Structure formats: structure tokens, C-alpha cells
Amino acid sequence: MAYESIPLEAFKETLEFNIELSSVALGGEVVKVSDEFFAEAFHLLKVEPAPSLKGQFGPNGALYSGWETRRHNPSYDWCIIKLGTLGTITGFDIDTTHFNGNEAPEVSVDAILDTSLAANDLDNATWAEILPRVPLGPSQRHLFKITETERVNFVRLNMYPDGGIARFRVYGNVAAVQPDSPEEVFDLAHVFAGGRVTFISDQHFGVGGNLILPGRGKDMGDGWETKRSRHKGHKDWVVIKLGATGHLRAVEIDTAHFKGNFPESCELHALYSEDEIPDSDAADWTRILSPVKLGPHRRHFFALEADASIVYTHVKLTIYPDGGIKRIRVHGTKGPCSTPVDLVKLSEVAGDDTTTPLHSAPTAPKHCKTIPVLPLTSEAFSAFGQVIQAYGDHTAAPPGTKITPANQGSASKFHKLSLLESSYPASLGASAGLSVYRCNPTEIVDGSVELKVLERHPYTNQAFIPMGGGGIQGDEALKEPGNAYLVVVAHNGADDKPDLSTLRAFVASAGQGIMYNTAIWHQPMTVLDKPMDFTCVETQIGNGDKADCEILELGAGEGVIMLELSC
């Protein structure tokens with residue numbers, strides 16, 4: 001097969017934005033090796049560059065981060081690697097860093113073109129050469145570009161006759177895994193769906209391509225992290241080409257492991273473009289997520305402001321002013337011209353992905369407006385009120401939260417997560433108090449709840465705190481209480497009614513309380529599955545005879561609004 005040796009300075013325009021199919025982060029693994037006497041072959045697939053272990057020795061000799069075999073092989077050594085996902089191969093990075101005098105002098109690469117073979121059938125496999133025998137040098141990276149192959153899932157690295165290789169990276173294009181149904185919601189940016197990072201403003205500490213990998217990673221090293229900025233108004237950004245043209249609904253921004261270096265805020269834009277790498281400064285990018293605050297070491301879920309009738313091919317994530325993000329998930333459905341030529345069905349791909357679709361869209365009448373129900377987080381809810389909860393990892397609490405030890409060290413106190421507000425005239429004698437609501441579960445039809453009523457409290461804010469199970473002796477209702485409830489909110493509009501374009505829906509756990517800001521429109525307390533008790537902290541006049549509550553029944557003018565529950 002034809003190949004081309006690529007200079008290191010040309011890596012960006014030739015291989016950088018291809019997918020590293022062999023990466024252990026994608027599930028790549030060594031399945032068979034001829035010899036690994038001095039250094040084990042699993043090092044080949046590590047994400048991080050090979051460190052120097054100079055001066056360190058084990059029972060068999062000097063230690064290396066790489067694959068090293070015995071001396072004097074009369075033929076050649078080989079290592080068989082199962083790629084992390086089915087794909088076509090376009091090139092290699094074969095790195096001999098720190099192997100100097102004991103590097104492999106030459107290598108070749110073979111592949112199995114029969115994608116039906118499993119790892120235990122490799123002895124009967126027919127191998128095809130995809131990189132002919134090429135020379136290597138000591139302690140350096142060697143880049144090779146080849147004619148794109150057919151789909152493969154196994155490769156064999158051969159070295160002649162023996163020696164050491166630090167890293168082996170196989171680059172190419174993923175055979176995309178996408179749902180058949182145009183109504184099913186999935187992560188269009190995910191690497192296994194065919195997503196690809198095509199532009200990165202800065203990746204000083206962490207590679208931008210990590211953003212679309214499966215799972216949540218293991219530390220800060222497998223996310224995207226930029227250098228610290230020193231200029232006012234600085235920002236960093238990445239552009240992602242979606243695996244399919246699609247309608248965009250919700251985004252997940254994960255700052256796992258970034259506890260003191262997460263971005264202060266972020267926003268998201270989208271674009272339809274025939275270009276692989278569109279101009280990131282072009283004026284026709286549409287903002288689909290207004291700037292939102294981010295927090296440390298957690299997943300953030302935001303409903304997108306994208307027009308449901310418009311399809312997009314690219315998204316641009318901008319962070320302010322700098323920092324680190326672990327993953328981004330862009331949930332939506334396939335639109336026109338969205339089926340890539342290389343699309344394969346889920347059943348053709350071996351292994352499990354750690355990411356599941358956010359939810360599956362139910363079949364609904366065309367006059368329905370559907371709102372995705374996302375997990376409740378303090379950042380997404382901040383425009384409507386406060387989330388009241390504790391954090392096992394104190395570094396994950398929202399910035400500015402005061403946390404002190406309490407109860408002789410047996411507890412932690414999270415101070416003043418929300419304050420009571422009341423604008424009643426003093427002459428009315430209003431006072432704060434605690435009430436209890438027992439809420440029975442709402443009706444769920446085809447994975448959705450119909451929104452029928454919104455209410456607001458013009459003079460006060462209100463907190464609702466789940467109480468758990470138990471109840472008084474003999475009370476059977478809450479022996480097995482529910483553990484989830486809906487929180488649906490909207491801002492007031494110019495007509496002094498809810499602005500339904502601002503409608504947001506969340507699912508809260510029994511470990512989360514909420515405080516609605518004064519005059520925020522919200523759905524009455526709505527629990528799922530089983531009954532729940534809530535303590536309500538509110539300010540009332542007398543015994544609540546004069547209720548501070550305006551109720552609005554949603555009529556035909558608004559159409560039917562369905563709340564789609566997460567999986």
C-alpha cells in the first residue's frame with residue numbers, strides 16, 4: 001500500500017484532527033504479543049507521552065514506558081491491537097522516545113479486513129499489509145500517512161528484528177454509530193457517532209479532542225485544558241463537527257476533576273456549513289446557549305436555545321476566560337442529509353459505550369411543544385432560584401459557598417445556601433414558617449408529563465425540601481417514598497404572563513431542595529413514581545388565609561406542552 005512519511009511540523013494538517021482509533025481512552029487494547037520481556041506492550045496505547053525512566057531498573061533490566069522485547073530475534077516481533085472502535089485508517093504515529101540504541105530499527109503494520117472476526121479467532125485471520133516495512137530512528141516520533149483503508153478493527157505492529165517502541169497511535173475515521181430513527185435523541189458530538197474536533201484555540205495542558213471521548217475520564221490529563229490567560233476579555237474555544245446534521249436540544253458540559261481550574265463561564269454557538277473546518281470567527285454562527293456559569297467537578301445540563309426547525313453541522317464551545325472541561329455532549333436528533341456514508345448499525349460494533357442517549361423522544365402530536373427534562377444543577381437553575389444541597393466533595397460546591405465543620409466534626413455545614421425574601425408591607429404582620437406538602441405522583445404517558453398549570457408568588461420566595469420516608473407510626477404512605485420530582489420554571493413575559501420561550505424543566509433528586517425566586521413562574525410541586533413529603537419554607541400572612549399565589553391554567557392558545565423525561 002502507498003504511504004508517505006510526514007514531517008512532525010505537518011502533523012496538524014495531516015493527522016491531528018483524525019481520530020486516534022487505537023487509544024486506550026476509546027477502548028483500544030493489546031490482545032496478543034510475541035514477546036515483552038523488558039517492557040509490556042500495553043504502554044503503546046497510553047494517552048500521555050512517554051516519560052523518561054532513566055536510571056530506574058527492574059528485575060529484567062532498565063525500565064521504559066513502551067514495548068521492548070528480548071535481543072537477537074531471528075525473525076521479527078509483533079503486537080496485535082484491537083482498535084477502540086471500528087474505523088478506516090489514514091495514518092500512524094510510531095514513537096521511539098527514550099529508546100536510543102535499543103529502538104526497533106524497522107516496522108510494518110498489517111490489518112484484518114474481515115470485521116466479523118473476534119479476538120479469539122485471530123490465529124485463523126488473513127492479514128493485509130497497510131504500511132510496508134519502514135525504517136525508524138532513535139528517540140523520535142515517526143509519522144506516516146497512508147491511503148485510507150477499508151473498515152478494520154484489528155492491527156498488527158511488526159518490528160524487525162526486535163527492540164523498543166514507546167507509543168503507537170493509529171489515526172483514522174470512525175465508522176459512526178447512530179440510531180436509525182430520526183426521532184431518537186443521541187449525542188451528535190460523540191466520537192462513536194462520528195463527531196470530530198476540527199479547531200482548538202489552545203490546548204496547552206489537555207487536548208481538545210478529549211472532549212468527545214466516551215466516559216468521564218480518570219484525571220485532569222484526559223480533558224481539554226488551556227493555559228492561564230493574562231489579558232482582560234480573553235476566551236478560548238473549540239469547534240466540533242457533528243457526526244450527523246441535526247436538530248439540537250440540550251448540552252452537557254462536564255468539568256469532572258477540574259476543581260480549581262474550571263472555566264468561569266461558557267457559551268455555545270452552532271452553524272450549518274459544508275466545510276470540514278468552518279471559519280470560527282464567521283458572523284453566521286448562531287448562539288444556542290447564552291453565557292452560563294460553570295462549577296467545579298460536575299456535570300452541567302442546559303436546554304439549548306436552538307430553533308427546532310433548523311439543522312446544524314458544527315458547534316463552537318467558548319469558555320471564559322480559560323480553564324479545563326472534561327467532556328461535552330450535544331444531544332439532538334438527525335436532520336436532513338444526516339446519514340454519513342460510513343454509518344453502521346449498533347449491532348455491528350463490539351463493546352459497550354459508557355454514554356447513553358439523554359432520552360428518547362416519545363411520539364407526540366404535531367401541535368405539541370416538547371421540553372427536555374434535564375438533571376437539576378445549581379448553574380442551570382441560577383436564573384430562577386437556588387438549589388439547596390450538600391456536597392460530599394467540598395471542592396465541588398459552588399464557588400463562594402461557606403463550608404465549616406459542625407457537631408464536633410461529625411458534620412459539615414453549608415451556610416446560607418438561600419435567603420428568605422418578602423416584600424409584604426410591615427403592617428400586614430407576615431412571618432416566616434414551615435409547612436408540609438404531601439405530593440402524590442403525577443401521570444406519566446409515553447415518558448412525558450403534560451404541563452397544565454403554572455403559578456407564581458409575587459411577594460415572596462419559597463423553598464421546598466424533600467423529607468424522606470417514615471412518617472408517623474402507622475402511616476403507610478411513605479414507607480417507600482419517591483426519590484425524584486419535577487422542577488419547571490419560566491420568566492415573566494412582556495404581557496405579564498409566562499414567557500414560554502424561557503421555559504426550563506429539571507428532574508431533582510430527593511437529596512436536592514429548591515428555592516424559587518420571588519415571582520418566578522413554576523409548575524406546582526410534581527413528583528414522579530411515588531409520593532413524597534416536602535417541607536415548605538415560606539413567608540405568610542397569618543395562617544396563610546391570604547395566599548401569595550397567582551395560578552395560570554395553560555389553554556389552547558399555548559398548545560399542549562409535554563415535558564420529556566430523561567432515561
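Ala303 belongs to strand 20, residues 299–303, and the strand across from it is strand 17, residues 236–254. Those two pair in the antiparallel sense over five bridges. When I say "pair", I mean that DSSP finds at least two bridges between the strands. Strands here are DSSP runs of E with at least two residues, helices are runs of H or I with at least four, and both are numbered from the N terminus. Strand 20 is mostly covered, with four of its five residues buried. Buried means under 20% relative accessible area, exposed means over 50%, and partly exposed is in between, with a 1.4 Å probe and protein chains only.

Before I go on, a word on what you're looking at. This is a predicted model, where local features need pLDDT of at least 70, side-chain atom pairs count only at pLDDT 80 or more, and totals for chains, interfaces and linings use all residues. Residues are numbered from 1 along each chain as its sequence is written, and side-chain values use heavy atoms, leaving out hydrogens and water.

Now the whole chain. How many helices and strands does it have? The protein chain comes to two helices and 39 strands. It is divided into domain 1 (3–174), domain 2 (186–334) and domain 3 (371–470 + 477–565), with bounds from an automatic or database domain assignment. The centres of domain 1 and domain 3, over C-alpha atoms, are separated by 55 Å. As for the overall dimensions, the C-alpha trace spans about 95 × 60 × 55 Å along its principal axes.

There are 567 residues, and buried ones make up 51% of them. The chain exposes about 26200 Å², with carbon and sulfur atoms supplying 51% of that; the areas come from the Shrake-Rupley method with a 1.4 Å probe, and for residues only the protein chains shown count as cover. On to contacts, meaning heavy atoms within 4.5 Å. Of the contacts with a separation of 6 or more, 82% are between residues 24 or more positions apart.

Let's go back to the strands and look at strand 18, residues 265–271. Why call it largely enclosed by the rest of the structure? Because seven of its seven residues are buried.

Cys266 shows both pairings: its bridge partner in strand 19 is Val292, and in strand 21 it is Ile319.

Most residues other than glycine have a negative phi, and most peptide bonds are trans. So where do we find cis bonds here? One joins Tyr160 and Pro161, with omega about -10°, and Pro161 is in the loop between strand 11 (151–160) and strand 12 (164–165). Another joins Tyr320 and Pro321, with omega about -15°; Pro321 is in the loop between strand 21 (312–320) and strand 22 (324–325).

Then there are two histidines with positive phi. His98 has phi near 75° and is in the loop between strand 7 (77–95) and strand 8 (106–112). His257 also has phi near 75°, and its loop runs between strand 17 and strand 18. His98 is partly exposed at 32% relative accessible area, and His257 is partly exposed too, at 24%.

Gly194 is between strand 14 (186–187) and strand 15 (196–200). Buried or exposed, or in between? Gly194 is partly exposed, with a relative accessible area of 25%. Leaving aside neighbours within four places in sequence, Gly194 is in contact with Ala176, Lys241, Leu242 and Gly243.

Last one: Pro49, in the loop between strand 3 (29–33) and strand 4 (57–58). Pro49 is exposed, at 65% relative accessible area. Not counting residues up to four places away in sequence, it touches Arg167 and Arg169. Pro49 and Ser65 are 16 residues apart in sequence and 9.1 Å apart in space, C-alpha to C-alpha.
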